[in-house]
Amino acid sequence: MDITDDEILKLVEIIKVTSKYDFSDYTEKSFRRRVEKVVADNKLSIDDLIKRLKTDKIFLEKTVRDITVNTTEMFRDPNVWITLRDKILPELKNKDSINIWHAGCSSGQEVYSMLIMLNELGLIDKTNVFGTDINTDMIEESKRGIYKYQFNSIYFENFDTVFNSPEDVEKRGKLTYDKYFTIDKNKDLILVKDFLKKKPFFRTHDLVNDDNVFGIFFDLIICRNVLIYFNNKLQNRVFDLFHRSLFPDSFLIIGMHESILGPFSTRLEKRGLYYKKRHEY
Ligand SMILES: C[S@@+](CC[C@H](N)C(=O)[O-])C[C@H]1O[C@@H](n2cnc3c(N)ncnc32)[C@H](O)[C@@H]1O
């Protein structure tokens, strides 16, 4: 079904005036694709969708959740995790405490990957890890830490790439999954172990409207595969928020296909797969 530009604008406006959400500065193409999916899944015309959003708050909340794209995985892009282990975390390891914020953490796999990495490096006890997302369902899933086993073999491939290279295995033996997960093949589940689950703080946070609500500075902010949904104006606002929330000389990681152009490219210096906040700013 073809949705016109005017209809998209009208929908964004209705959501904006009837709720706390503002999609005005999301990139049009992917936003349109998600709206088309919502329309098809609910078997509604776009007019009926707009009418229902005006009057049905619960439906509006559900629609907002359906509009967000939540794809994620454990140790997604293993090279980023290898860079974290070999370059970023060694620079933080002598601090008394370390604060890490995963903005747009979806269902939590990225956060648990970080906790596993911190545990392997002996840094877990002195690190505060925050996971936030606009989508309340994803925050609840993050807290549960229960994932499907089937179709997620990539989690274990990534885990092995990061922790079980031939050199690693020769040095310390194979790091096994059961240190961190209970795998129940009959129920088709991967369950994160309790000692990891009790560590992170998960909460909803909207990068469009909310500021640094934590009242602390961060040593590392990770916001991957979120900025691709935002236009340049909104990206710059988010970079401003991250820049203000980071300690000097601390780190930002964004998605492999995202980059900082515009005013923050001089304040956050690119170093391969990550950015470092320049001391003089
Ligand atoms: C594709 S997932 C990325 C998950 C994870 N960071 C990763 O790279 O695997 C994008 C996430 O961004 C969240 N998101 C979208 N708009 C947001 C906003 N305004 N504020 C916070 N999170 C947002 C979505 O709900 C979704 O969970």
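The tour below moves from one selection to the next.

This is a predicted model: local features need pLDDT of at least 70, side-chain atom pairs count only at pLDDT 80 or more, and totals for chains, interfaces and linings use all residues. Residues are numbered from 1 along each chain as its sequence is written.

**Select the protein chain.** Colour by secondary structure. The chain has 11 helices and 10 strands (DSSP runs: helices are H or I, at least four residues; strands are E, at least two). Its C-alpha atoms fill a box of roughly 65 × 55 × 30 Å along the principal axes.

**Select the ligand.** Show the 22 residues around the ligand (C-beta atom, placed from the backbone, within 6 Å). Thr-68, Thr-72, Gly-104, Ser-106 and Leu-207 come nearest. The shell divides into 8 nonpolar, 9 polar and 5 charged residues (nonpolar: Ala, Val, Leu, Ile, Met, Phe, Trp, Tyr, Cys and Pro; charged: Asp, Glu, Lys and Arg; polar: the others, Gly among them).

**Select the largest nonpolar core.** It holds 51 residues (buried Ala, Val, Leu, Ile, Met, Phe, Trp, Tyr and Cys residues joined through C-beta atoms within 7 Å; buried means 20 or more other C-beta atoms within 10 Å of a residue's own). Ile-100, Leu-115, Ile-221, Cys-223 and Leu-252 touch the most other members.

**Centre on Ile-221.** Not counting residues up to four places away in sequence, Ile-221 touches Trp-101, Ala-103, Phe-242, Ser-245, Leu-246 and Leu-252 (C-beta atoms, placed from the backbone, within 7 Å).

**Select the second core.** This separate core has 6 residues, including Leu-11, Ile-15, Phe-23 and Ile-67.

Conventions
Buried ≥ 20, exposed ≤ 12 C-beta atoms within 10 Å, placed from the backbone. Contact = placed C-beta atoms within 7 Å.
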